[in-house]
Amino acid sequence: MALNPIQAEPAQRVPTYCYNCVAGPDLLTVKVENGVATEIEPNFAAEGIHPANGRVCVKAFGLVQKTYNPHRITTPMRRTNPQKGRDQDPGFVPISWDEALDTITQRLFDIRAKGLLNEHGLPRVAATFGHGGTPASYMGTLPAFLAAWGPIDYSFGSGQGVKCTHSEHLYGELWHRAFTVAADTPQTRLLLSFGSNVEASGGVCAVWRQADARVRGMKRVQIEPHLSITGACSAEWVPIKPKTDGALMFALIHSLLFEHPRQRLDQAFLRDRTASPYLVGPNGYFLRDPETRKPLLWDERSGGAVAFDSADAVPVLDGGFTVAEAIEVGADDELWQHRDVRGETTFTRMAETMRPYSPEWAEGVCEVPAATIRRLAAEYLDAACVGETTEIDGIVLPFRPVAVTLGKTVNNGWGAYDCVWARTMLACLVGALEVPGGTLGTTVRINRPHENRLASVRPGEDGFMATNINATTRDKWLAQPTGRSAHRTLVPLAGHSPWSQALGPTHLAWMFLKDAPVGWNGGDYPEIWFLYRSNPAIAFWDTRQLTETIARMPYIVAFAYTADETNHMADILLPDATDLESMQLIRMGGTKFIEQHWHHIGVTLRQPVVAPQGEARDMTWIATELARRVDLLEAYNAALNRGAGGMPLKGEGFDFSLDPTEVHSVEAVWDAVCKAATASLSGGAEVKDLAWFREHGFFVVPFKQADWYLHPTMVEKGLRYELPYQERLMRAGRELGARLHEHQITWWDRQLAEYEPIPRWHDVPGIWVEALKKTGAAPEDYPFWGITTKLMQYATGNNASIQLMDEVASNLRSHGRVVINRAVADRLGIGRGDWVEVRSVVNVTRGMAEPAEGVRPDTIVIAGQFDHWATPYAKTLHYPSLNTLTPMSLELTDATGSGADLVRVSVRRIEGPDA
Amino acid sequence: MTRYIMVADLRRCVGCQTCTAACKQANATLPGVQWRRVIDIEVGSYPSVQRVFLPTGCQHCSDPPCVEACPSTATRQRDDGIVTIDNDICIGCLYCALACPYDARAKIEAPVFAYGDRPTAAEAIRFDAGRIGVAQKCTFCVDKIDAGLAAGLTPGEDSAATPACANACISRALTFGDADNPDSRVSRLLRDNRSFQMHEEAGTRPGFHYLWDKGALTP
């Protein structure tokens, strides 16, 4: 290739988006010179619209190299070596698109002839997509093909379900429509961040808002075992023993309840917006009116028990009372009829449960000084401004500028229920839930509609929101899993929305392929497995063993960017046009995911900035071809018309529906979506076509700030947050236990124990130690906690083969290194840059040591996900990965089906990466 | 008069290296060369530790030792404070690099590319052979500033006349502008906040200022 060619054309700047991580989309422009993309720049047209004013995350700067990476797969490929394994050369040979699609089509026809479900009722077709739903912003109209096909098993995770903020997703959505949680950063004054690495993984919106807040004077206290990127930018770092966050939060609640006057709490919020006054009977269920079955509370005015929704009642928050007549309704409609029964408010139950958890007690668990805990509780209460209000969009709302956020490993795996509950209770105690300055949800994914959090709030039973929960009653429980992670069978809170499969215990799907429990019909391989923007052989756990399981998949079709550790086992590779080469319109704005609180809502276009490399094809073209060849064109187009392209093509006052019988071009499809989206957003006032979007990039309409908060909707609908007492979950857990035992399933018993109405402290770290002992290993041989952390350059984006990311990330101490406490390193004779081996009972990873002061002496930190052996460029780096070390284990799986990035490890100095 | 400077607010910087990446693309620096970078510093001992992210690069000093050290006059200082290198004159002796207290200069002896010996299409189109074998460093995107000025734009206010790193910064940690204009954002930031310069004791009077501690906010 000639260097420095003559500039024949003036450079163009083309608007598009990056959604490589869940914190997107970032709006950007690409400088194109002579048809070559050369430079990523912010989209300055988004000033005043985008919360970070059109700035672009560092990951997006890798898109230029991503486009021109010489290691790309640029033609369809077919495997010639029938043997699969890490040690096998796949023998991929180029084939035509026709041959590739014909081969896949024949397989799919064969499956349709046999039936979409196998003899165990499980889909014969499986698909795995990467992080947090982000592939949906790149896969064009593939969802329409998937919808047209029918049942597909999405159980084979690449981390979803267990490495996401899982318990926050499930409990958060139950309690305050908070699939994802954020502080109201623009107004918060005190933020207690338990391991939430928002400066690395919150995207540009989080970084922009948090920086403004810091300079404004917000205090963020970072509580975590090591001094992360976010810890570095915080006012205070509190080192805490891994997996003891729940104990610290319990102690904060204890301090608020027992070390400060009760009137300093937001008693009105607790009384009116939570179930705190509801009375609990001797069997642990709500005392209910015998006729209406409504929960009872004690009315101060009448001096008796009345239904929770009685007009003019003055509920009593705290205490025990004798109720003349009441019933309790237990699992499977078990009924207790009471006369003169003693009932306590759920607030009292909660307070008594928290009474033992003093700061001194917590110090013994968390290794955080009691004085620090007590001070944080006092600061939290002082900053909460209980009683104050503020006006937003003409609405007077409570002003509670304190928030608590949780990070991964805190809010997934054992102990996460404690943490998510305690975090939400900390907000409730001072009325800081879903109000300005407080702790907010941003997204709904289990309930509908996904695009409108407030509209998902509908009245349900007992004064709470109606919630999508999987049934556990004898007549409705799904004994036969519909997918291999058994999300509907094992995890009531996972619900049954399009996202729910990914919210089940996705590691069980993998584990049971290898070794299913006796009698479990969930351990058979799918007949064809599609893979898109995902590399589970690197991104999941126990990756060496997982690789062997993947090698046994009967048939793998991988959309492939480069060779990687998972598509090494593929039968067909399909080169899709990547980020800067393909087209899609997606939603943006409103409130969503991580710190995305906008004053606008709209859509943005990703467009071909440059021509695709080689034979790479747009995903919409591929999906359309698959649909056409599998005789599903009408169903595919119908799915597009219903909204599978991101929005329905027909609505009130507009109809841009596609002819179901025709094959439509990529441009025609997205032109229709552009028009429908703008018509829908503007109420029919404006219709913008594809040509308009290619020039302007995005379209928005205003979004009210008041709609960031659930509080006005809860007040309007007269609803209460389902806190503090988890009566419904306790009942669901007991019913689930009964169902499983009726089917002789006892291997989920430990998980059933988590269905407590109020969490109590269990020795959470001890679960990992006990699991270690059960393998026959001696705990003293694995004296460290192995944990991971994120760097923005790699956070949830597959940038391992991008040289630029590696280069700039190398300015950070933890990139590609094993971070170890300096004093410990000295004791072990380990110096900076020395090669070390980190070992768990599962496997071994190697990397260079980075002794640091900002890490607990009992903790080892390995950033990112590496240990590549097939991905070009990445495999030359010799970077370590915690995923290699972390077991997939039923024992380490909590009731929500989640685990945590945590493992007991040893460390020793070695001579080199191949030692 | 005009004195262009950069202000880095350490309260805002999160070490994300977006400025580093933006600089590398805007200036087409080869792998391993970083005119702008953010270093990761740890101070104290466990558990009383602070970790700070510090954007750095050429400080465009008022008294630049590199200019004095340069035997060929390739390194010069403009009236607006920007220190430049004339590749046609530079002999690559690196006296300038030795004189610089900020480790701001680099030299590449032979082309290197992201993926081996051959440039990608994007690297090929931006490759500048004139940079091989000579000293190189941050220019404050001087070409962009000059083009912007010629178009009537204000550096530090208009993105088309502002260095790529400041444009790209996702936390508003980097602010560029004219310190001699009392109404510029950099002047207000320096006026309203506590600041320091790196290696002030060296007497170089850097054109790079760091905001730190708890000064008043100037939006």
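Among the contacts in chain A that join residues at least 6 apart in sequence, 72% link residues at least 24 apart, in what is a predicted model. The chain that makes these contacts has 27 helices and 33 strands, and its radius of gyration of 27 Å is close to the 29 Å that the globule rule gives for 915 residues, so chain A is as compact as a globular protein of that length. The C-alpha trace of chain A spans about 85 × 75 × 60 Å along its principal axes, and 62% of the 915 residues count as buried.

A:G24 is found in the loop between β1 (12–18) and β2 (26–33) of chain A, and A:G24 counts as buried because 29 other C-beta atoms lie within 10 Å, where 20 or more are needed. Leaving aside residues up to four places away in sequence, A:G24 touches A:Y17, A:C18, A:Y19 and A:G203. A:L626, by contrast, is 602 residues from A:G24 in sequence and 29 Å from A:G24 in space, C-alpha to C-alpha.

The remaining topic is the meeting of the two chains, where 57 residues of chain A are in contact with 49 residues of chain B. On the side of chain A that touches chain B, at least two residues each come from β3 (36–42), α1 (63–68), α6 (203–216), α7 (229–232) and α26 (803–809) of chain A, and α6(A) gives the most, with seven residues. By residue class, this side of chain A divides into 36 nonpolar, 12 polar and nine charged residues.

Conventions. Residues are numbered from 1 along each chain as its sequence is written. Chains are lettered from A and ligands numbered from 1 in the order in which they are written. This is a predicted model: local features need pLDDT of at least 70, side-chain atom pairs count only at pLDDT 80 or more; totals for chains, interfaces and linings use all residues. Two residues are in contact if their C-beta atoms, placed from the backbone, lie within 7 Å. Helices (H or I, at least four residues) and strands (E, at least two) are DSSP runs, numbered from the N terminus. Ala, Val, Leu, Ile, Met, Phe, Trp, Tyr, Cys and Pro count as nonpolar, Asp, Glu, Lys and Arg as charged, and the others, Gly among them, as polar. The radius of gyration is taken over C-alpha atoms; the globule rule is 2.2 Å times the number of residues to the power 0.38. A residue is buried if 20 or more other C-beta atoms lie within 10 Å of its own, exposed if 12 or fewer, and partly exposed in between; C-beta atoms are placed from the backbone.
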